[in-house]
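This report concerns the structure shown below.

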Amino acid sequence: MSSEKIDVRYVAKLARLALTDDEVERFGEQLDDLLGHVDSLAKLDVSAVPATAQVVESRNVERDDALTPCLDREVVLAQAPQRAGGFFRVPRIIAE
Amino acid sequence: MSNPLIERSAAQIARDVNARSLSAREVADATLAHVDTADSQIGSYLTVLHERAREQAARVDARVAAGEHLPLAGVPLAVKDNMCLTGTRTTAGSKILEHWVSPYTATAVARLLDAGCIPIGKTNLDEFAMGSSCENSALGVTRNPYDPQRVPGGSSGGSAAAVASYEATIGTGSDTGGSIREPAAFCNLVGFKPTYGRVSRYGLIAFASSLDQIGPFARTVEDAALAYDAMGGHDPMDSTSIDRPLETTATHLRSDLSGLRIGIVKEFATAGLGAEIDAVYAQAYRDLEALGATLVEVELPTAEHGLATYYLIAPAECSSNLARFDGVRYGLRVDGADVHEMYERTRAAGFGPEVKRRILIGTYALSSGYYDAYYVRAQKARTLIAQDFERAWKSCDMIACPAASSPAFQFNAKSDPYSMYLMDYYTIPMSLAGLPALSVPCGWVTPPGGERPMPMGLQLCAPLFAERPLLAAAHAYEQKTQHALKEKPAR
């Protein structure tokens, strides 16, 4: 564990979240405070402990590769912020 | 109270509707009329489904008339607004989904409707179910029916307030770290989180997928059992739903606890919660003993690390799950110069402060250089917490402890994020271990500065898949003590 301060702007960039200067300051203080609390985990000896991703029995689930009914394209696209024909419309991703 | 019909239990309503001495239409009309006058004061609902409720009531009456027996015939249902219902707005309490309409129905909701429930509306919640008071909702304020100056709890506070104020008879909640049990305790209700995987999460807007579990709110244990029996069971649409037969609970309720060993957790001693609260739990444990249970002390030495473990794992999963809200396929979009600026602006405008905090902390815990120190270490602590319970089950069949460390608090009382997180201290260990747990009313305490007695909840927790004995024990305790009946909602 580490006591260094979080680089909030860098983390926000990873999270695709625009923050105001005010938010950077406030969240920075709050996240440092929260990480101070979770640092108590450093006291636990976990050297021989396996990690748990999920507690209850889990196994890979497969289904037959068969066509089944799914949502109608028009129903889905009706909720799109912007659409073009049968597609979601987004700002240009590949430069000209 | 406008109509005594709305105070009836789900069991009574279903019995009478099935016997055709009462129609689902009458129940729906009485409930909607009450919601129309009462909910402006309480704020349980973000959307009231007048037309949908009446359509469903007609359908239920027709099915009963055709000879069908429906276990929840005509029972008014409040649906937490992070669960999909086709054609209804499903907001998750967030601006980013404020106008989003579900194109399909969550399995748990579909099963309750098939069992005869009437959908009264979609209820308020902390944004994306992140919070313990409903104050993090971006779309409305919900008040505690027992004292409007106080919060209903959260995150499923709208469903809890709706059931407590007779605006519904059963409510759905989702519980990630206590979001059913804490509002149930705050609102004088039974709130039940089944074993992880017992109820399908299909159609539940994901927060932390390894922890999220749907369960019922009700005013009696029997009603909670009926609702669980209807909504539980395997669902091929949720690959984490458990593929083993559901043990029904409502027909196996008990009136005593003889032969049951109930563990009292050494680390959860209530003396520090104040004399009045301490006395409530001491009496609750004595009542369990008087019902025939043997009390044994058990230790959960890692439980004190539950909060730290949870507040790494849950935000990590949330940061991943909420990546889908990017302005491309649904919900809010805020334009930007390029696609990255669109993502960043959309998410900045769409998410509230608590959601942003959790996304940031989760992203940090999963980021290169910190992953092992935070996320993996928390996953290992999770193993230790689950092992604590495994050891405890060698000497007891069930665990009893508080559901929350205080009664419902006043608005704006927990402005520091960590003080809000502490509300989940007693409920998080069970969530991390995937265990079934519930809150049942156990007494009344007038908080400092408060004018009215507020309800407290006893949490009972059982081994994985032991829903049947858990609800049976809660029923025995409820029937002996009847704490829920000792006060009425303020309005």
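## Helix packing in chain B

In this predicted model, α2(B) passes α3(B) in a right-handed crossing. On the side of α2(B), the contact involves B:A24, B:R25, B:A28 and B:L32, while α3(B) contributes B:H50, B:A53, B:R54, B:A57, B:A58, B:V60 and B:D61. By class, the residues of this contact are seven nonpolar, one polar and three charged.

Helix α2 of chain B spans residues 24-42 and helix α3 of chain B spans residues 50-65; they pack at an angle of about 160°, and their axes are 8 Å apart. Because angles over 145 degrees count as roughly antiparallel, α2(B) is roughly antiparallel to α3(B).

## The sheet of chain B

An open sheet of 11 strands is present in chain B, with mixed pairing and the order β1-β3-β2-β4-β6-β5-β10-β11-β9-β7-β8. Its edge strands, each pairing on one side only, are β1 (45-48) and β8 (294-298) of chain B. On average, neighbouring strands are turned by 30° against each other, direction ignored.

Strands β2 (residues 76-80) and β4 (residues 170-175) of chain B run parallel and are joined by two bridges. B:L77 has B:I170 of β4(B) opposite. Helix α3(B) lies across β1 and β3 (118-123) of chain B, at about 155° to β3(B).

## Contact between the chains

In chain A, 45 residues are in contact with 57 residues of chain B. Helices α1 (8-14), α2 (21-38) and α3 (73-77) of chain A each supply at least two residues of the side that touches chain B. Of that side of chain A, α2(A) gives the most, with seven residues. The residues on this side of chain A comprise 33 nonpolar, nine polar and three charged.

Technical notes: Residues are numbered from 1 along each chain as its sequence is written. Chains are lettered from A and ligands numbered from 1 in the order in which they are written. This is a predicted model: local features need pLDDT of at least 70, side-chain atom pairs count only at pLDDT 80 or more; totals for chains, interfaces and linings use all residues. Axes are lines fitted to C-alpha atoms, for helices over the stretch in contact, and angles run from 0 to 180 degrees between N-to-C directions. Helices (H or I, at least four residues) and strands (E, at least two) are DSSP runs, numbered from the N terminus. Angles under 35 degrees count as roughly parallel, over 145 as roughly antiparallel, 65 to 115 as roughly perpendicular and the rest as oblique. A crossing is left-handed if the near helix is turned anticlockwise from the far one by less than a right angle, and right-handed if clockwise. Two residues are in contact if their C-beta atoms, placed from the backbone, lie within 7 Å. Ala, Val, Leu, Ile, Met, Phe, Trp, Tyr, Cys and Pro count as nonpolar, Asp, Glu, Lys and Arg as charged, and the others, Gly among them, as polar. Two strands pair if DSSP finds at least two bridges between them.
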